[in-house]
Amino acid sequence: MTFTTLEKYEGQNRRLLLAFDIGAIFSGISYSVLEPGKVPVILPVTCYPSQDRTGGDIKIPTVIYYDTGGRPCATGAETLAEGIEEDAEGNGWSKAQWHGLGGFTFSPETIPPLPLDKTIVQVFADYMRYLYECAKAHIKDTHGEHVWRSLNDDITYILTHPNGWGGAEQAQMRNAAIQAGLISDTHEGRSRVTFVTEGEASLHFCLANGLSIAGGNEDAGVLIVDAGGGTIDVTSYRKLKDDSFEEIAIPTCETTKQAFRRDDEQLRIQFASESEDDEYLNIRSGCITIDGDRVAKFFEPSIECIVEAIKTQQNTAHYPIKSVFFVGGFSASPWLYEKVREATESLGVAVSRPDTHVNKAVANGAVLFYLDGAVKSRVARMTYGIETSIGYDPSDPSHVARKHLVKPHSVHGDPELFDYFSSILTKNTRVKDTTEFRTTFWAYASDISGLKQRTTILAYSGELDDPQWMRDELENYQPVCIVEADTSLVKPEILYSRETRSHYYMISFDIILQFGLTELKAQIAYIDSQGVEQRGRARVVYEDASPTKRGSLERPERSQAIRGIASLIETRFGLR
C-alpha cells in the first residue's frame with residue numbers, strides 16, 4: 001500500500017527496510033524497497049515455503065521442528081504441511097513454540113522447556129534466519145534478482161515486540177539477529193536493528209488506513225488494542241497540533257481464535273491428522289465439531305480482559321480516551337469485535353477497526369514507524385535512577401535518622417550515607433523523544449586507572465513518589481542496564497584529603513540518557529581544557545539479559561494429542 005502522508009525518499013541509494021513481527025503464535029514480514037525520489041510503498045511478504053499446500057497467508061506459525069541433531073528441519077509455514085506430524089514422530093523431531101524472550105506471564109506448567117541444547121536466543125536466531133530467507137525469496141520473485149543484489153548490503157531491520165518488553169529483551173533480539181547472520185557484531189552492524197512496540201506500530205497502521213479519532217481535538221485520546229494470538233497490547237495516545245502523537249498512559253501487555261464468528265453456529269477445528277477418529281467426542285478425520293455457545297465460553301475471559309484493559313487505560317490516561325482502534329488477528333473475529341463494542345458502549349468510546357487485513361497491522365505499521373514516526377512523546381514505565389552516596393547533612397532529619405549508617409568515603413574520607421537512590425526520571429512522566437536527561441557524576445580514585453566509569457541504571461517499582469533510601473525497600477529496586485562511559489579523555493583533578501592525608505584523583509562528567517525513544521540511548525559529556533563541552537559514546541549493556549525459559553517443546557504423539565483434547569473438551573464443554 002502507498003501511504004500518501006509519506007515524503008519521497010531523499011536518499012541517493014536504494015535501500016531495504018525489513019520488519020519482522022515475531023508473535024507468540026503467528027509471525028509476519030513487511031518490507032519497503034526505498035527508491036530515490038519515490039514515495040515508499042509498504043508491502044507484506046505473501047508467499048512462504050510450503051504455502052502452496054496450506055493456502056497461503058501473510059502470517060505463519062511461530063514454530064520450528066528440530067531434528068535429533070538440533071538442526072531446524074521445518075519452520076513456519078512448513079510446519080503446516082500435510083503429514084508433518086507423521087514425519088516428526090517417525091524421525092524423532094522436537095517441536096519448539098511459544099519462544100517468547102520474556103515479559104509474558106505464561107504459567108510454567110503450560111509451557112514445556114526448549115530442546116536441551118537450545119537457548120531462547122538460538123531459537124529466535126533460527127526463526128529470524130528463516131524469515132530472512134523467506135523475504136529474500138519473495139523479493140527476488142516480486143522485484144527481480146538484480147533488485148535483491150542491490151539491496152543485500154543495505155538492509156535495516158525493524159523488530160516488533162510486546163508493550164511489556166524493554167531493553168533486556170531488545171538486547172536478546174539484537175543478539176539473535178547477530179547469531180542469525182543478519183548483522184555483524186559491530187557498532188555499525190548493531191545500529192541496523194531498531195525496535196518498536198506492537199502498540200505503536202499498530203497506531204501507525206490505523207492512521208495510514210484512514211481511522212479517525214472521535215472528537216478530533218488535542219484533548220481526545222485514542223486507545224490501540226492489539227489483540228494477537230497470545231497477547232493483548234493496549235496503548236493510549238493523543239494527537240498534537242503538529243499532527244504528531246504522544247503517549248498519555250503507561251502501555252500494558254496482557255496474556256490471553258479467529259475463525260469463530262457466531263455463538264449459534266457450530267465450529268469445526270482441525271487439530272490432528274486425518275487418521276484420528278473418536279465418535280464419542282465427535283472427532284472425525286482429526287476434525288472436531290463443537291457447538292458455538294460452548295466455544296463462546298473460551299472467548300469470554302479474553303473479552304473481559306480487553307474491556308478491563310480499556311477501563312484501566314481510561315482511568316490512568318492524562319487525557320480522556322474517546323476512540324478505540326482494534327487490530328490484530330484476534331480482532332478479525334466478527335463475534336469478538338461485536339462483543340467488545342457492546343461491552344464498551346457504556347464507557348463512551350467509539351470502537352473501530354481498519355477495513356483491511358488487521359493481522360498485518362504490526363508488521364506494516366513497523367515499517368511506517370521507521371519512515372515517518374508519528375509518536376514524539378512516551379510515558380515512563382517506572383522511576384529510573386542510580387545508586388550513589390550522599391554527604392551526611394546533620395540538619396536533615398532523614399539523615400539524622402540514619403546517622404548510625406554513616407561511613408567515611410573510601411577515597412576522600414568525608415562522612416557519607418550510602419544506598420542512596422538518585423532519581424533521573426520519575427514514573428508516568430511524559431518524555432519527548434528528543435529530551436535528554438543529564439546526571440553529573442564525580443568519580444574518585446587513589447589510582448588514576450580506577451577512574452573508568454561503569455554505572456548501573458535502576459528501576460524503582462514501589463509506591464513512593466520520591467524514593468531515596470534503598471535500604472528501606474530493596475525488593476523494589478531492580479537493575480535495568482549498565483552504562484559504560486569512556487572517560488579516558490576527561491582530564492582528572494588532583495586533590496588532597498586531610499582525612500586520609502593523601503592525594504587522590506577526581507573527574508567530573510555527565511551521563512546523558514534518552515528515555516523517550518523506543519530504545520534507551522546514552523552519551524557522555526565533559527568539559528575539555530578549552531572550556532568547551534565534548535561528547536562521546538556511552539554503551540548500554542544488559543548483563544542480566546540471560547535467556548528465560550519461556551518456550552515449548554513437544555514430541556508429537558497422536559494418542560497424546562487425542563487424550564489432551566479429550567480431557568479439555570470433557571471438562572470445559574461439560575461432556576463428562
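How many nonpolar, polar and charged residues are in the lining of the largest cavity? By class, four are nonpolar, three polar and three charged; here Ala, Val, Leu, Ile, Met, Phe, Trp, Tyr, Cys and Pro count as nonpolar, Asp, Glu, Lys and Arg as charged, and the others, Gly among them, as polar. The model is predicted: local features need pLDDT of at least 70 and side-chain atom pairs count only at pLDDT 80 or more, while totals for chains, interfaces and linings use all residues. Residues are numbered from 1 along each chain as its sequence is written, and side-chain values use heavy atoms, with hydrogens and water left out.

**Figure 1. Overview of the protein.** The protein has 11 helices and 31 strands (DSSP runs numbered from the N terminus: helices are H or I, at least four residues; strands are E, at least two). Of its 576 residues, 49% count as buried (under 20% relative accessible area with a 1.4 Å probe, protein chains only; exposed is over 50%, partly exposed in between).

**Figure 2. The largest cavity.** A cavity is a set of points, on a 1 Å grid over the protein atoms alone, where a 1.4 Å probe fits but cannot get out; lining residues have an atom within 4 Å of a point. The space in the largest cavity is about 40 Å³ (the space filled by probe spheres set on the points, with grid points joined across faces, edges and corners). Its lining is made of 10 residues, and G28, I58, K59, K360 and A363 lie nearest the centre. Strand β2 (residues 26–34) provides the largest share of this lining, three residues.

**Figure 3. The second largest pocket.** A pocket is an open set of grid points with protein on both sides within 12 Å along at least five of seven lines. This one holds about 1200 Å³ of space. Its lining has 49 residues, of which W165, G166, R381, M382 and Y384 lie nearest the centre. At least two lining residues come from each of α4 (167–179), α7 (292–316), β19 (375–379), β25 (453–460) and β26 (477–485). The most come from β26, which gives five. By class, the lining has 23 nonpolar, 17 polar and nine charged residues.

**Figure 4. Strand β5 and its partners.** In β5 (residues 63–66), V63 and Y65 point one way, I64 and Y66 point the other way, and all are buried. Two strands pair if DSSP finds at least two bridges between them. β5 runs antiparallel to β7 (residues 94–97), with four bridges joining them, and K95 of β7 is the bridge partner of Y65. β5 is also antiparallel to β6 (residues 72–75), through three bridges; here I64 stands opposite T75. Five residues lie between the strands of the β5 and β6 hairpin, where G70 has a positive phi near 80°.

**Figure 5. Helix α6 and G199.** Nine of the 11 residues of α6 (residues 198–208) are buried, among them E198, L203, H204 and F205. G199 lies in this helix and counts as buried because its relative accessibility is 0%. Beyond its neighbours within four places in sequence, G199 is in contact (heavy atoms within 4.5 Å) with N163, I224, T235 and Y237. The C-alpha atoms of G199 and I224 are 6.3 Å apart, although 25 residues separate them along the chain. After α6 comes G210, with a positive phi near 90°.
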